[in-house]
Amino acid sequence: MAGTEHLTVERRGATLVLTLNRPDAKNALSLSMLVGLYDGWLAADADDEVRSIVLTGAGGAFCSGMDLKALAGKGMEGEHHRDRLKADPDLHWKAMLRHHRPRKPVIAAVEGYCVAGGTEILQGTDIRVAGESATFGLFEVRRGLFPIGGSTVRLQRQIPRTHALEMLLTGRPYSAREAAGIGLIGHVVPDGTALAKALEIAEQINACGPLAVEAVKASVYETAEMTEADGLASELKRGWPVFDTADAKEGARAFAEKRPPDYKRA
């Protein structure tokens with residue numbers, strides 16, 4: 001997969017690294033970037049050799065939000081991708097993980113600005129790492145806008161409601177430490193090392209049984225809004241078949257033989 005002029009793609013072992021690459025605009029979401037992102041999610045899920053995805057940004061920033069001019073296809077930015085949006089009017093929401101969830105785990109590696117649409121796409125990722133100087137926030141209300149990327153629904157389900165409402169209603173910036181304190185991100189690391197930490201976590205995931213990893217991720221999201229009884233029933237339905245896979249047999253053999261497992265897709 002080649003990516004686009006605003007989205008680069010790199011394979012690092014079993015991890016697909018997607019990099020928002022528009023540093024002169026603090027990686028604002030252009031149409032070219034959104035097309036590349038959506039294609040990247042699909043490519044990762046279609047390739048059994050890819051077991052995890054890392055999303056990061058170039059030039060010391062993660063994402064400063066949506067570039068509405070580029071999304072509308074005006075000017076040279078993204079003009080040649082306009083047919084993709086016309087063919088699939090939902091493409092930008094899928095790219096931002098509002099209307100699409102990859103099967104593979106997605107780890108965000110954040111440096112610098114991760115605000116507005118950047119914080120919205122962050123909520124669609126599974127594991128989040130940030131450099132200590134990173135900045136988060138949903139600035140939309142300060143501009144008289146609505147954070148329509150899913151934040152009024154998702155944020156209160158991911159962090160305590162009082163913190164979600166404060167972030168949504170004040171539009172103020174949050175430091176990485178504060179974001180970690182309210183549970184928006186999981187790791188704060190020295191500046192410039194977020195990608196390395198994300199890749200370290202990805203390698204830990206990649207060493208696990210891929211079928212089990214995908215089933216566990218699916219179960220977590222499927223059962224999030226269920227009652228405990230319904231969730232437990234759903235978990236059994238999703239999880240029990242994993243025990244009959246070649247992955248499970250290989251895991252048991254490797255444990256017995258005291259060696260690292262060699263998982264093959266099955």
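Modeller: In this predicted model, a residue is called buried if its relative accessible area is under 20%, and exposed if that area is over 50%.

Colleague: Which residues of α9 are buried, and within what arc do they fall?

Modeller: By that cut-off, the buried residues of α9 are A194, A198, L199, I201, A202, I205 and N206. Viewed down the axis of α9, these buried residues line one face of the helix, because they fall within an arc of 160 degrees.

Colleague: Which exposed residues does the face of α9 turned away from its buried side carry?

Modeller: Burial in α9 includes A198 and I205. The face turned away from the buried side holds two exposed residues, A196 and Q204.

Colleague: How far apart are the end C-alpha atoms of helix α9?

Modeller: Helix α9 covers residues 194–206, that is, 13 residues. At 1.5 Å a residue the helix should span 18 Å, and this agrees with the distance between its end C-alpha atoms, 18 Å.

Colleague: Which are the edge strands of the open sheet?

Modeller: The six strands of this sheet, mixed in their pairing, follow the order β1-β2-β3-β4-β6-β9. Two of them pair on one side only, and these edge strands are β1 (7–12) and β9 (187–189).

Colleague: In β3, what is the bridge partner of L16?

Modeller: Strand β2 (residues 15–20) pairs with strand β3 (residues 52–57) in the parallel sense, over six bridges. Within β3, the residue bridged to L16 is I53.

Colleague: What angle does the direction of helix α1 make with that of β2?

Modeller: Helix α1 (residues 31–46) packs on the sheet and touches β1, β2, β3 and β4 (106–110). Its direction and that of β2 make an angle of about 175 degrees.

Terms used. Residues numbered from 1 in each chain as written. Predicted model: local features only at pLDDT ≥ 70, side-chain atom pairs only at ≥ 80, totals over all residues. Heavy atoms only, no water. Helix = DSSP H or I, 4+ residues; strand = E, 2+ residues; numbered from the N terminus. Expected span 1.5 Å × (residues − 1). Buried < 20%, exposed > 50% of the residue type's maximum accessible area, 1.4 Å probe, protein only. Arc of directions from axis to C-beta. Pairing = 2+ DSSP bridges. Contact = heavy atoms within 4.5 Å. Axes fitted to C-alpha atoms, helices over the stretch in contact; angles between N-to-C directions.
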